[in-house]
Amino acid sequence: TKPRKLQWGQGVMKLESSEQQEFQDIVREGSDFAEDFVIQKKLENIPQLSEYFPPDAPLCTARITTFFHKGEREGSPGVVRVLESWIRVGASGALADQIENGGSTFAVYAETGVVWNGTTTEKMVLGEPHLEPTLTSAPGATKGIAGHRLPFWQQCLETVREAHMKLAPDAFTVGWDVVFTPT
């Protein structure tokens, strides 16, 4: 579960039983507290990416940012395009995949789904954030992710473009988190 209005994995809790006090507090009937949280089933990373992630990594997500580009001619419907894309690789044992939680993030070529280089919080905050990312492997992973093509990439792009048009047709830009799971 996580608070609805926080970001970067702040306040994420792992609920293992409906008997757990935190669970009881969230779902208590008539509680305003319940409206402040999202409760979801735990999902697993797709096995094809496991060697690129550290052991016991949280659910890792691709952040794909879309934007609506109005048509060039009067009356044309416009098109949704991809502005940028990244894959976030969470730290071993973390509950969320954000870089702020010890993870790493890698740029992805939007056209192909091939992973480029990445960075960590240490490099962004304590290092020199203006330098080009140089990380090719997530800390703790057995294999480098740079140069690897993410699975189902074209399907991901089609999905976020369609979602932008249907769910947020008036928004100029939207950031989507896409997960790669066995199902």
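Helix α3 and strand β7 each supply at least two residues of the lining of the second largest pocket. Helices (H or I, at least four residues) and strands (E, at least two) are DSSP runs, numbered from the N terminus. The model is predicted, so local features need pLDDT of at least 70 and side-chain atom pairs count only at pLDDT 80 or more, while totals for chains, interfaces and linings use all residues. Residues are numbered from 1 along each chain as its sequence is written, and side-chain values use heavy atoms, with hydrogens and water left out.

The second largest pocket has a volume of about 270 Å³. On a 1 Å grid over the protein atoms alone, a pocket is an open set of points where a 1.4 Å probe fits, with protein on both sides within 12 Å along at least five of seven lines, and lining residues have an atom within 4 Å of a point. The lining consists of 17 residues, and Gln 155, Cys 156, Val 178, Val 179 and Phe 180 lie nearest the centre of the pocket. By type, the lining divides into 11 nonpolar, 5 polar and 1 charged. Helix α3 gives the most to this lining, with 5 residues.

The largest nonpolar core has 29 residues, of which Phe 53, Ile 64, Ile 87, Phe 106, Leu 150, Trp 153 and Phe 180 touch the most other members. Such a core is a set of buried Ala, Val, Leu, Ile, Met, Phe, Trp, Tyr and Cys residues joined through side-chain atoms within 4.5 Å. At least two residues of this core come from each of β3 (61-69), β4 (79-89), β5 (104-108), α3 (153-167) and β7 (173-179). Helix α3 gives the most to this core, with 5 residues. Leaving aside neighbours within four places in sequence, Leu 150 is in contact (heavy atoms within 4.5 Å) with Leu 49, Ile 87, Val 108, Gly 113, Val 115 and Phe 180.

The structure holds 1 aromatic pair. The rings of Phe 67 and Phe 172 have centres 6.0 Å apart and planes at 50°, so the pair is tilted. Rings pair if their centres lie within 6.5 Å; planes under 30 degrees apart count as stacked, over 60 as edge-to-face and the rest as tilted. Phe 67 is in strand β3 and Phe 172 in the loop between α3 and β7, 105 residues apart.

The table gives the exposure of three residues; buried means under 20% relative accessible area, exposed over 50%, partly exposed in between (1.4 Å probe, protein chains only).

| Residue | Relative accessible area | Class |
|---|---|---|
| Phe 67 | 16% | buried |
| Phe 172 | 56% | exposed |
| Thr 120 | 8% | buried |

Methods:
Grid points are joined across faces, edges and corners, and a volume is the space filled by probe spheres set on the points. Ala, Val, Leu, Ile, Met, Phe, Trp, Tyr, Cys and Pro count as nonpolar, Asp, Glu, Lys and Arg as charged, and the others, Gly among them, as polar.
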